[in-house]
Amino acid sequence: MEGANQSVVSEFIFHGLCDSKELQKFLLLPFSALYLMTVLGNLFIVFLIITDSHLHSPMYFLLANLSFVDFCLSSVTTPKLTTDFLNDNKTISFEGCMSQILCVHVFTGGEMVLLVSMAYDRYVAICKPLHYSSIMNRQKCIWLVLTSWIIGFVHATSQLAMILDLPFCGPRIVDSFFCDIPEVIKLACMDTHTLRLLINADSAVLATTCFILLLISYTYILVTVRLSSKHGASKALSTCTSHITVVVLFFGPCIFIYLWPPSITWVDKFLAVFYTVITPLLNPAIYTLRNKEIKNAIKRLIS
């Protein structure tokens, strides 16, 4: 039949976090506050790094970009989530759903690569300190950031290309609060088992590659720190602890959502909230609370 492979669904309906209307109204304020803190926290770090000359170094240039990506990632899902707490009909257009999928994967893919770049920066700073300035020059930093955006975009478009032409002709209810691929492809009017494997493999290649590179970088760093002087080791270890904490917080939920075979709805929703709402908020807090130079920059700003 002509157009049989085209979607006839013009919009999707989100199931949301829960069924209880009372609980949804209760959650409106906390999630609105979380999003406000995420926006203010991440944009404040970007502003602080741009305006304070003491923070004009490769590490903080990469941190500013990480904060911007976290701000973008949170803004793709959280505003819609909070407004839907007040709506009985939680709809999103087909085009809006595809755009949300694209943006989520651009920012998550880009953040994975950016975390690798930050690990590489720490590796050079700690393991090759005499060559740090020549290796981590301005051009290298710009290329590292551009690479993260390019890889994120390529990853997102490859994911979107695999589902864009799926026939969505029946069920419209997405059992989540945003358009995430594992939930959306369940609604396709065809067997998507092979497609799910391909999509998971695509995500796994990027996630696994980044994770292995992170393990290698931090292994070298920790070995070097162990052989260093106590003062230098404690300072380096403090910096790396913040980085490693952020890596665990970001990769943990992603691994469970995409690579863990059993699908338990409440667990999937909790992890989705964690990596789209909580992690973008925790990142600036972790780097601010554990970073002496950031604290000093804040003191200079308010003094």
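1. Cys169 and Cys189 form a disulfide (a pair of cysteine sulfur atoms within 2.5 Å), and their sulfur atoms lie 2.1 Å apart. This pair links distant parts of the chain, with Cys169 in the loop between helix 5 (138-163) and strand 3, and Cys189 in the loop between helix 6 and helix 7 (193-226), 20 residues apart. Helices (H or I, at least four residues) and strands (E, at least two) are DSSP runs, numbered from the N terminus.

2. Please keep in mind that this is a predicted model, in which local features need pLDDT of at least 70, side-chain atom pairs count only at pLDDT 80 or more, and totals for chains, interfaces and linings use all residues. Residues are numbered from 1 along each chain as its sequence is written, and side-chain values use heavy atoms, with hydrogens and water left out.

3. Cys169 has a relative accessible area of 46% and is partly exposed, and Cys189, at 32%, also counts as partly exposed. Here buried means under 20% relative accessible area, exposed over 50%, and partly exposed in between (1.4 Å probe, protein chains only).

4. A search of the whole structure finds two disulfides, and one of them joins Cys97 to Cys179, with an S to S distance of 2.1 Å. Cys97 belongs to helix 3 (residues 94-127), while Cys179 sits in the loop between strand 3 (173-174) and helix 6 (181-184), 82 residues apart. This link is left-handed, with -120° about the S-S bond. Cys97 is buried at 0% relative accessibility, and Cys179 is buried at 1%.

5. Counting bonded cysteines along the chain, the disulfides follow the pattern 1-3, 2-4. Cys18 is in no disulfide, and the nearest cysteine sulfur, that of Cys179, is 18 Å away.
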